Amino acid sequence: MRIEQLTFFLALTRLRSFHAAAHALGITQQALSSSIKSLENEFGVTLVTRRRTGCTLTADGEIFLNYARKCLDDHERICSYFAGKNNGWNIQNSLDVIFTNSFLSTCTSEAISAFRHEYPDIKINVKVMNERKMEGYIRGAGKNDYLFLCSVPFTEDGEIVREFMPRARNVELLKKNYYLACVAQSSILADEREISLRRILDFPMVLSSEKGQACTPLQYVLNLYKNPNIIMTTPSFFSWAQSVGQNTGVGFTQEIFVQLDLVRKMLTDHIHFIRLKERIGAYLGVVLPPRPSAEVQYFFHKIISS
């Protein structure tokens, strides 16, 4: 058993798909399957149940998952220890948490709160930038205390849109989120529970925008189906919600956003959410530095749990 195999196994358990996990890891699906099979042969158990639509963990797989997480945590901890020792213990006193506007930054609040409790002397710098600027930041960072949080869209067949996949070595794709259509409670679509994407794209669109980015992940995916009639774009969530609620146009948001109590209470009086027949969406993606510090590892695991 190798550390590499445990990393592969954790990626598979997060994405529940050999295809998606292999793509995220930058290896072939056959190589990933062989690695998992090797683990199963070594321990004489079945770790995952393979299905056409993906895979699920067996009871033994759940037990092995806890073991794999502990092993990787211990491995990262000892790597950080010796890296710090070899560098003369030049410990960073800040952590950069960077995300795009399309990333749901509200998902980080619990992780930030837990981090501040665990590391009260380390300052958190929250920054917003697009993917291109992020890649320049990473190339010139020269340190290991940062996380970049982004959205990586996928189409209805589950294919990742490579144009939005960060060009970095340590990219982790976390939760898979689907888009919902959003209309005003006074809209003629307010009674719909499910709708075709091609039908709803006949209506005027009110979409979010990102500074310095001509096309957001959502806009890119919509263009694969039909050129949307975008009558308004805004970087402000409140401006977007007000415009949709006033029936200016149709909007979109991710399911995980609607699950947040504060957002749901804020929107449901004015906005109706409709499931899309074409299950498009975006992964929550995290880019880690080449050799993440113990602090980065802690924050990353809090992001996963939250």
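These legends describe close-up views of one predicted model.

Residues are numbered from 1 along each chain as its sequence is written, and side-chain values use heavy atoms, with hydrogens and water left out. Because the model is predicted, local features need pLDDT of at least 70 and side-chain atom pairs count only at pLDDT 80 or more, while totals for chains, interfaces and linings use all residues.

View 1. Helices (H or I, at least four residues) and strands (E, at least two) are DSSP runs, numbered from the N terminus. The chain holds 306 residues, and 48% of them are buried. Buried means under 20% relative accessible area, exposed means over 50%, and partly exposed lies in between (1.4 Å probe, protein chains only). A contact means heavy atoms within 4.5 Å. Take the contacts between residues at least 6 apart in sequence: 75% of them join residues at least 24 apart. The accessible surface is about 15,700 Å², and carbon and sulfur atoms own 49% of that. Accessible areas come from the Shrake-Rupley method with a 1.4 Å probe; for residues, only the protein chains shown count as cover.

**View 2. The largest nonpolar core has 35 residues.** A nonpolar core is a set of buried Ala, Val, Leu, Ile, Met, Phe, Trp, Tyr and Cys residues joined through side-chain atoms within 4.5 Å. F9, L12, L32, V48, L173 and Y283 have the most contacts inside this core. Helices α1 (3-15), α2 (18-25), α3 (29-43) and α4 (59-86) each supply at least two of its residues. So do strands β2 (54-57), β5 (146-154), β6 (170-184) and β12 (281-288). Helix α1 gives the most, with 7 residues. A second, separate core has 22 residues, including A181, L222, Y225 and A282. In soluble globular proteins, nonpolar side chains tend to be buried together.

**View 3. L12 touches S17, F18, A21, L32, I36, V48 and C55.** Residues up to four places away in sequence are not counted here.

**View 4. Helices α1 and α3 pack at an angle of about 110°.** Their axes are 10 Å apart. Axes are lines fitted to C-alpha atoms, for helices over the stretch in contact, and angles run from 0 to 180 degrees between N-to-C directions. The two helices are therefore roughly perpendicular; that term covers angles of 65 to 115 degrees. Q5, F8, F9 and L12 of α1 meet L32, S35, I36, S38 and L39 of α3. By class, this contact has 6 nonpolar, 3 polar and no charged residues. Ala, Val, Leu, Ile, Met, Phe, Trp, Tyr, Cys and Pro count as nonpolar, Asp, Glu, Lys and Arg as charged, and the others, Gly among them, as polar.

**View 5. Helices α2 and α3 pack at an angle of about 105°.** Their axes lie 8 Å apart. That makes α2 roughly perpendicular to α3. From α2 come F18, H19, A21, A22 and L25; from α3 come Q29, L32, S33 and I36.

**View 6. V287 sits in strand β12.** V287 is buried, with a relative accessible area of 0%. V287 and V171 are 116 residues apart in sequence, but 4.5 Å apart in space, C-alpha to C-alpha.

**View 7. R16 has a positive phi of about 55° although it is not a glycine.** Most residues other than glycine have a negative phi. R16 lies in the loop between α1 and α2. R16 is partly exposed, at 36% relative accessible area.

Definitions and conventions
Angles under 35 degrees count as roughly parallel, over 145 as roughly antiparallel, 65 to 115 as roughly perpendicular and the rest as oblique.
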